[in-house]
Every structure is written in C-alpha cells, then in structure tokens.
Amino acid sequence: MKNDIRVTYPLWMMGFIALLGVIAYGINSPKTEFIDTATETSLTVQIGPFESALIFGAIFVYLIVLTIFVSKVKQYNKNNPQQKISMFSIRPPEYLEADEGMTYITRRAVQKVYTFYSLALPALATVVIILPIPRLLIIYAILGLAFTQYGIYYAEVRKHFKEETE
C-alpha cells in the first residue's frame with residue numbers, strides 16, 4: 001500500500017500546482033502599454049525573454065510530469081483491475097476505502113482539509129475584498145490553498161502508514 005498511486009496522488013497534485021504557479025508568473029508578468037491619443041490607439045504586450053523561457057520551460061516540464069503521471073496511473077490500473085482509477089472521475093482517487101480502516105483514515109484526512117478550508121476561504125475572501133491585491137497574488141493565494149489542502153491530506157494519510165509499518 002506504501003507505493004499505491006492513491007497515496008502519492010497528493011504529491012503529484014502538489015507538483016502540478018507548483019508548476020501552475022510558475023506558469024502563472026510567466027503569463028502575468030508581461031508589461032502592457034496602452035496608448036490612446038487623438039491619432040493612435042494601440043495596446044502593446046511585451047513578454048521578455050526570461051518570461052518566455054519560463055513559460056515554455058514550465059509547460060514542457062508540466063507535460064513531462066503529466067506523461068509520467070498518466071503512465072503511473074495506467075500501470076496501477078493494469079496491476080489493480082478491481083480498483084481502477086479514472087482520471088476523469090469527479091470523486092478524487094486518493095480516497096482510500098478498501099476497508100473500514102482506510103475509510104476511517106480517509107475520513108479523518110478529509111475532515112482536516114474541510115476544517116482548513118472553513119477557516120482559510122473566508123479569511124482569503126476578506127483580505128481580497130478589503131485590500132487592493134494584484135491579480136497574481138490572488139492566483140498564488142488560491143494555488144497556495146490547493147497546495148496546502150493536498151499537504152494536509154498527505155500528512156494525515158502518511159502518518160497512518162508510518163504507524164502501520166512500525
């Protein structure tokens with residue numbers, strides 16, 4: 001169960017979220033210039049070489065990681081035909097409900113994530129409403145919430161697997 005893709009799934013999602021943060025920086029950092037005079041109206045968007053390399057590099061790494069992840073899921077499905085994972089399912093594949101013990105572990109982890117969101121979402125919404133925060137920081141805050149969600153879930157599940165091996 002230790003190498004089960006459903007256990008490492010949160011780590012994969014955390015990696016994808018981190019890469020999305022890099023892509024968001026590259027996309028939101030271009031300089032825009034709007035000219036509106038009596039004779040000319042134009043909008044210029046300048047993406048520097050660093051941002052271009054960052055965007056394309058992050059997309060390239062994202063596609064490589066996605067390919068590895070898809071191959072891992074296919075390998076898992078081949079080895080576990082009775083517990084196949086659908087990558088397009090609404091129900092997250094990290095729900096480990098093979099038996100009553102795993103159902104309990106999953107429920108505890110999800111309760112901790114729900115508690116986190118019940119505090120973090122209203123706080124984030126309040127801050128965003130009150131303060132004039134740039135769009136990129138709002139995106140990072142949302143990605144940070146998602147990253148933390150998977151971190152909380154993984155830490156809880158991992159704690160139980162460490163207790164199981166001892």
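N77 is found in helix α2, residues 49-79 (helices are DSSP runs of H or I with at least four residues, numbered from the N terminus). The model is a predicted one, in which local features need pLDDT of at least 70 and side-chain atom pairs count only at pLDDT 80 or more, while totals for chains, interfaces and linings use all residues. Residues are numbered from 1 along each chain as its sequence is written, and side-chain values use heavy atoms, with hydrogens and water left out.

Helix α2 has 31 residues and reaches 45 Å from its first C-alpha to its last, close to the expected 45 Å (1.5 Å times one less than the number of residues). N77 has 15% relative accessibility and therefore counts as buried (under 20% relative accessible area, with a 1.4 Å probe and protein chains only). Also buried in α2 are E51, I55, A58, F69, V73 and Y76; what covers the buried residues includes α1 (5-28). Beyond its neighbours within four places in sequence, N77 is in contact with Q83, K84 and I85 (heavy atoms within 4.5 Å).

Turning to the rings, the structure holds six aromatic pairs (Phe, Tyr or Trp rings, the six-membered one for Trp, with centres within 6.5 Å; planes under 30 degrees apart are stacked, over 60 edge-to-face, the rest tilted). One of them, Y9 with F69, is tilted, at 5.9 Å centre to centre and 50 degrees between the planes. Y9 lies in α1 and F69 in α2, so this pair ties together parts 60 residues apart in sequence. Y9 and Y150 are edge-to-face because their planes stand at 70 degrees, with centres 6.5 Å apart. This second pair links α1 to helix α4 (residues 135-165), across 141 residues.

Definitions and conventions:
Helix = DSSP H or I, 4+ residues; strand = E, 2+ residues; numbered from the N terminus. Buried < 20%, exposed > 50% of the residue type's maximum accessible area, 1.4 Å probe, protein only.
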